[in-house]
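I opened my notebook today to look around one protein model, a piece at a time. Come along and check each entry against the picture.

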Amino acid sequence: MAERYVVSVDQGTNSTRCILFDHRGRLVSVAQKEHQQHFPRPGWVEHDAVEIWHNLRRVVPEALSEAGVGTERIAAIGLANQRETTVLWDRRTGAPLGRAIVWQDTRTAPLVDDLGRDPGEEFFLQRCALPPSTYFSALRIRWLFDHVKGLEQRARDGEVLFGTMESWLIWNLTGGPDGGLHITDATNASRTMLMNAHTLAWDDELLSFFGVPRPMLPEIRSNSERYGEARALLPGVAITAALGDQQAALFGQTCFSPGEAKCTYGTGSFLLLNTGADVVRSRHGLLTTVAYKIGDQRPAYALEGSIAVTGALVQWFRDRLGLIGSAPEIETLARTVEDNGGCYIVPAFSGLFAPHWRSDARGVIVGLTSYITKGHLARAVLEATGWQTREVVDAMNADFPVPLRQLKVDGGMTADNLLMQFVADVLDVPVVRPMVAETVSLGAAYAAGLAAGYWSDLEVLRRNWHRAAQWLPDMDPERRDAEYDDWKRAVERSLGWVRPPRSP
């Protein structure tokens, strides 16, 4: 009998990918298409949801063609997506009501300041386990209601639908205006500030507070279950999984036990620690989030440290400063010097995320002297990712009783050996990378395959995980402590740069 495959869709911040995986969790084929980034004002980041849907329509047939398989050989479809990115669309026509507002967008900062004062952080932490932040979807919905005339009333009349990217794509895949499924999953819903973290249901008090009408919200489903069948692209194939991309990476890294953690190094970096069935309230600047929910089993939760700018700093170094021609060149340039020469770069381009949550911070370069070369700057760029990881791990170790013993890593930046060695050095734990680097896509495939019976249980998935590389810590503890102290002093200098507007 011909082998069957699982289709995984990874709708990310920069591109949309379709990957086919086989039963051993190996990548069979891949197709990818980037979409345009729109920056209409400082701090604003937008995507065209229609462009993303069109890109999906291109990459799925390409991936099947590359593998030489037809729809009949596909066992299930799973989706992973950039989280918090907010799409509102017309229920009747299917047309988006403006561009999608991306997770990096900071236009809601004034709202965040107001919510911090009244009703205060505790109101939200008790219900959705999230602090007010420009990161989350509810504030984007509220902002759109406040700035687009008539939109709130249309939403109350049932004419407008809200979703994050997986909702938008599933709706289109299953028929769009002609009976498309309007659903989300527990991980993406946990990033809206509208879902109760304990019940995994939309919270009446939060809906009332933000003024979000229930008819516009998708139905919350588990991450691994049969949602329905695709009618477009892969007609008749079951869609059986959806996860936010970082939870998908945790799943793909098979971090199924409390205390296991992964960090995905991409545009930003996201470190998730499985905390099991416990909703662990962070006291040190981390987010509490749903890790995954399989069928009708109890959900697993995670602590998350979100770092806004890591790979994006390398892109800035390449595209804005022109100091390198391609991203991999940064390692070569950084190796031309022994250390950072006393120079530190804090990449607070749009504030600092975990564990600081300071939207008033902006990027700084400190320790500049006439000795500093572009090699030192390149090293400082890479080290910024290492030190930001250290800050998040320190917070996790303070919040969770089991200290981190190993960090599983994935994402594009893990190809940089100098960086990965530095991460191991500053964390003082082994850093390991799996054979399959595409862990976001693999996690979506695993969750989809579980629900479709393609894989039987989590242990089978664990056996698919194989180590490709390992970096062991090798830094003098005194040097580590001294440089970390310098990093923290650099961070202090980035804070408070954006001042509130003066009263007239």
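**Entry 1: a loop residue, T267**

I began with T267, which sits in the loop joining β13 (261-265) and β14 (269-276). This is a predicted model, so I keep that in mind for every entry. Is T267 buried or exposed? I found a relative accessibility of 17% for T267, and since buried means under 20%, T267 counts as buried. Then I looked up what T267 touches beyond its neighbours within four places in sequence: N14, Q104, A308, V309, T310, G311, A312 and Q315.

**Entry 2: helix α9**

Two of those contacts, G311 and A312, took me to helix α9, residues 311-319. I noted the buried residues of α9 as G311, A312, L313, V314 and F317. What covers them? I found α10 (329-334), β17 (344-346) and α11 (374-399) among the covering elements.

**Entry 3: the whole protein**

Next I stepped back for a wider view. I counted 15 helices and 21 strands in the protein. Its C-alpha trace spans about 65 × 65 × 45 Å along the principal axes. Why call the protein compact? For 504 residues, a compact globule would have a radius of gyration near 23 Å, and the protein has 22 Å, which agrees. I also noted that 61% of the 504 residues count as buried. Of the contacts with a separation of 6 or more, 71% are between residues 24 or more positions apart. For the charges, I looked up 52 positive and 61 negative ones, and their mean positions are 3 Å apart.

**Entry 4: a hairpin**

I wanted a simple strand pair, and β2 (residues 15-21) with β3 (residues 27-34) gave me one: they are antiparallel, with 7 bridges. Which residue of β3 is the bridge partner of L20? It is S29. The two strands form a hairpin with 5 residues between them, and G25 in the turn has a positive phi of about 75 degrees.

**Entry 5: strand β6 and its surroundings**

Then I turned to β6, a strand covered on both faces. V87 and W89 lie on one side, L88 and D90 on the other, and all are buried. β6 is joined to β8 by 4 bridges, and the two run antiparallel. Opposite L88 I found F162 in β8.

Leaving out residues up to four places away in sequence, P96 touches A49, V50, L88, W89 and W168. I also checked P96 against V498: they are 402 residues apart in sequence, and their C-alpha atoms are 33 Å apart in space.

**Entry 6: helix α3**

How many of the 11 residues of α3 are buried? I found 9, so to speak a mostly covered helix, at residues 137-147. The buried ones are S137, A138, L139, R140, I141, R142, W143, L144 and F145. They pack against β6, β7, α2 (109-127), α4 (151-156), β8 (160-163) and α7 (204-210).

**Entry 7: the loop between β17 and β18**

L352 is in the loop between β17 and β18 (364-366). At 7% relative accessibility, L352 counts as buried. Apart from neighbours within four places in sequence, L352 is in contact with V346, W357, R358, A361, V491, S494 and L495. A261 is 91 residues from L352 along the chain, and their C-alpha atoms are separated by 22 Å.

P355 lies in this loop too, between β17 and β18. The peptide bond from A354 to P355 is cis, with omega near -5 degrees.

**Entry 8: two positive phi values**

M193 is not a glycine, yet its phi is positive, about 75 degrees. M193 lies in the loop between α6 (186-189) and α7, and is buried with a relative accessible area of 0%.

D428 also has a positive phi, near 60 degrees. Its place is in the loop between α12 (417-427) and β20 (431-434). At 43% relative accessibility, D428 counts as partly exposed.

Methods:
Residues are numbered from 1 along each chain as its sequence is written. This is a predicted model: local features need pLDDT of at least 70, side-chain atom pairs count only at pLDDT 80 or more; totals for chains, interfaces and linings use all residues. Side-chain values use heavy atoms; hydrogens and water are left out. The radius of gyration is taken over C-alpha atoms; the globule rule is 2.2 Å times the number of residues to the power 0.38. Buried means under 20% relative accessible area, exposed over 50%, partly exposed in between (1.4 Å probe, protein chains only). Contact means heavy atoms within 4.5 Å. Lys and Arg count as positive and Asp and Glu as negative; His and the chain ends are not counted. The place of a charge is taken as NZ of Lys, CZ of Arg, CG of Asp or CD of Glu. Two strands pair if DSSP finds at least two bridges between them.
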